[in-house]
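Subject: Structure handover

Hello,

Here is the structure I promised to pass on. Please open it beside this email and follow along.

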Amino acid sequence: FSKDEYIVLTTEQGWIKKTPLDAFEKMTSRGLIIASLTDGDKLRWCNKCTDSDDILLGSSRGMALRISAEELRPTGRSSRGVRAMKLRDGDTIADMNIVQGDVNGDDHSGEYVLCITSNGYGKRVSTN
């Protein structure tokens with residue numbers, strides 16, 4: 001594994017953590033602990049990223065957040081992580097995705113994210 005590759009984990013209740021990919025090199029037949037969760041929370045997303053990428057989060061009640069993966073400090077396998085977004089009562093994280101960072105000077109000027117609501121409304125949003 002490369003030293004600059006990470007696994008980003010996000011829970012339904014808004015906790016996020018970034019763990020170096022090489023922390024998962026030595027697998028045993030019993031498996032490994034990947035995160036600590038509280039009662040009622042669920043690990044919902046797991047994506048690979050580098051420090052040059054951005055992380056997109058959206059909540060079920062319409063809040064959104066875009067942060068640089070570099071801003072998240074790496075944590076150990078068994079940690080809980082940090083609060084990514086302070087959610088209102090009844091709100092949960094609806095989705096998490098990675099926007100690839102600049103590679104070879106590419107500015108991603110023609111790339112978009114399509115946001116769709118449960119009522120069928122949609123909006124195209126530029127990634128830069």
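**What I found**

C115 is partly exposed, with a relative accessible area of 40%. Here, buried means under 20% relative accessible area, exposed means over 50%, and partly exposed lies in between (1.4 Å probe, protein chains only).

Before you read on, note that this is a predicted model: local features need pLDDT of at least 70, side-chain atom pairs count only at pLDDT 80 or more, and totals for chains, interfaces and linings use all residues. Residues are numbered from 1 along each chain as its sequence is written, and side-chain values use heavy atoms, with hydrogens and water left out.

**Cysteines**

How many disulfides does a search of the whole structure find? It finds zero. A disulfide is a pair of cysteine sulfur atoms within 2.5 Å. C49 is in no disulfide, and its nearest cysteine sulfur, that of C46, is 10 Å away. C115 is in none either; its nearest cysteine sulfur belongs to C49, 20 Å away. C49 is buried, with a relative accessible area of 2%.

**The sheet**

Four strands form an open sheet. Their order is β3-β1-β2-β6, and the pairing is antiparallel. The edge strands are β3 (43-50) and β6 (82-83), each pairing on one side only. Strands (E, at least two residues) are DSSP runs, numbered from the N terminus. Two strands pair if DSSP finds at least two bridges between them.

Start with β1 and β2. Five bridges join them. T10 has I16 in β2 as its bridge partner, and I7 stands opposite T19 in β2. The hairpin of these strands has three residues between them, and G14 there takes a positive phi near 100°.

Now move to the other side of β2. Two bridges join β2 to β6, and these strands also run antiparallel. W15 has R83 in β6 as its bridge partner. β2 is mostly covered: five of its six residues are buried.

**The loop**

E12 is in the loop between β1 (5-11) and β2 (15-20). Is E12 buried or exposed? E12 counts as buried because its relative accessibility is 15%. Not counting residues up to four places away in sequence, E12 touches D41, K42, R44, W45, L87, T92 and I93. Contact means heavy atoms within 4.5 Å.

**The core**

The largest nonpolar core has 16 residues. Such a core is a set of buried Ala, Val, Leu, Ile, Met, Phe, Trp, Tyr and Cys residues joined through side-chain atoms within 4.5 Å. Which residues touch the most other members? They are V8, I16, C49, I55, L57, I93 and M96. β1, β3, β4 (54-59) and β7 (93-99) each supply at least two residues of this core. The largest share, three residues, comes from β7.

Look at I16 again. Leaving aside neighbours within four places in sequence, I16 is in contact with residues including V8, I55, L57 and L72.

**Rings and charges**

The structure holds zero aromatic pairs. Rings of Phe, Tyr and Trp (its six-membered ring) pair if their centres lie within 6.5 Å; planes under 30 degrees apart count as stacked, over 60 as edge-to-face and the rest as tilted.

Charges do sit over rings. The charged end of K18 sits over the ring of Y6, 4.4 Å from its centre. R80 lies over the face of W15, at 3.7 Å from the ring centre. The test is NZ of Lys or CZ of Arg within 6 Å of the ring centre and within 35 degrees of the ring normal.

Best wishes
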